[in-house]
Amino acid sequence: MKKVYLDNASTTAIRPEVITEMTKILSEDYGNPSSTHSFGRNAKSILELSRKSIAKHFNVSAQEIIFTSCGTEATNWILRSAVKDLKVKRIITSKIEHHAVLYTVLALKKEYNIQVDYVAVRPNGEVDITHLVELLSQEKKTLVSLMHVNNEIGTDLNLDRISTICQEHNVLFHSDTVQSIGKTVIDLQKLPIDFIVASAHKFHGPKGVGFAFVRKNSGLQPLFYGGEQEKGLRAGTEALHQIAGMAKALSLSYANLEAEKKGITELRTYLINQLKLEFPEFKINGSSEGFYTVLNVLLPFSEDKTAMILFHLDMKGIAVSRGSACQSGSIKPSHVLAEMLSNEDLKKPSLRISFSHENTKEDIDLLIQALKSI
Ligand code: PLP
């Protein structure tokens, strides 16, 4: 049975070149970057070349890239330090953020008694910019945290517009860019964003490594204490093979961006057309103009099929998801869809299909066939 992987918003397959790079470092470059001998100096050089290479893709300086264990850690660090050290008194976010933001914000509210405001979300999953501007009229030290590409429905925030609004209102702006990094160009010289975060496994790199972009002189303080790694902002011996693997994966993603984007966009359109043909009453959750790697659809099946659908597809070798990976095994409706759909529609089966350059038309045909057999 051919297996079909259409769950690339959860995680992606590592590119073979990345595995080669990581294996070489694991076997040959095992020095500690903090050691002063040749082994350490060699490791330090790999570390700093990786940082430089990553920074270049965003048009920023290498010192503004801080390595972390994942996107979740980077977001926790930034939001917590913004409140604790930068004395942010209010966070404006939305209810459709990833839990890495939502739960961190709730924890900070409890611990520091900060004000939390949620920007309204339109029925198509886009945040209401007029409401954001209204919220920003209040004078209070504020941080706005809004994700770039939504991991469940693929809505694509206008970073240019939002970052400019934040700058005009003199507030900090953090964007969870975990789903968009490596898949679209983000020029941080042009965009006045203070903080973005990344997780390598979302762009065909290894799991367990990510980074934060923290604009120069941000004033952030570390989340935890220890060695002087990452200029004292993130203590702990660097996972060199992970970091170099991430840098390699990012370079390959950007080197192949246009061709891969074209191929994936065509597949997504093909899927939409096939769904129109076979299930004319299906609906797109979000917008058909959403980000090219994600498509979330509401299928015209009866409610009793909802619980079984993933299982049925899995039996046929097809991996898709119902919401974010952390929720897909749960029967609770996704918190993102809950913000957008009626109670009626929420009970019906919705599927998130997320693509990579490794997918083919045959994958889509197999998915459609499997759906038809339900
Ligand atoms: N933010 C978004 C939008 C995501 O999709 C994810 C992963 O699903 C994360 C944050 C968290 O990434 P990680 O689990 O790698 O820290």
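Strands here are DSSP E runs of at least two residues, helices are H or I runs of at least four, and both are numbered from the N terminus. The chain crosses from β5 through α6 to β6, and this β-α-β crossover is right-handed. Right-handed means that, with the strands pointing away from the viewer, the path from the first strand over the helix to the second runs clockwise.

This is a predicted model: local features need pLDDT of at least 70, side-chain atom pairs count only at pLDDT 80 or more, and totals for chains, interfaces and linings use all residues. Residues are numbered from 1 along each chain as its sequence is written, and side-chain values use heavy atoms, with hydrogens and water left out.

**Strand β5**

Show β5 with β6 (residues 172-176). They pair in the parallel sense over three bridges; pairing takes at least two DSSP bridges. Colour the two faces of β5. T142 and V144 on one side, L143 and S145 on the other, are all buried. Buried is under 20% relative accessible area, exposed over 50%, partly exposed in between (1.4 Å probe, protein chains only).

**T155**

Move to T155, in the loop between β5 (142-145) and α6 (159-168). T155 counts as buried because its relative accessibility is 7%. Not counting residues up to four places away in sequence, its contacts (heavy atoms within 4.5 Å) include I96, N124, E126 and H148.

**Salt bridges**

The whole structure has 17 salt bridges. Each is a side-chain nitrogen of Lys or Arg within 4 Å of a carboxyl oxygen of Asp or Glu.

Select K2 and D363: their side chains meet at 2.6 Å, N to O. K2 lies before β1 (4-5) and D363 in helix α12 (residues 361-372), so the pair ties together parts 361 residues apart in sequence. K2 is partly exposed at 39%; D363 is buried at 3%.

Next, K283 and D345. Their closest N and O atoms are 3.0 Å apart. K283 sits in strand β9 (residues 283-284) and D345 in helix α11 (residues 343-347), 62 residues apart. K283 is partly exposed at 43%, while D345 is buried at 12%.

Finish with K44, E48, R51 and E230. Salt bridges that share partners join them into one network.
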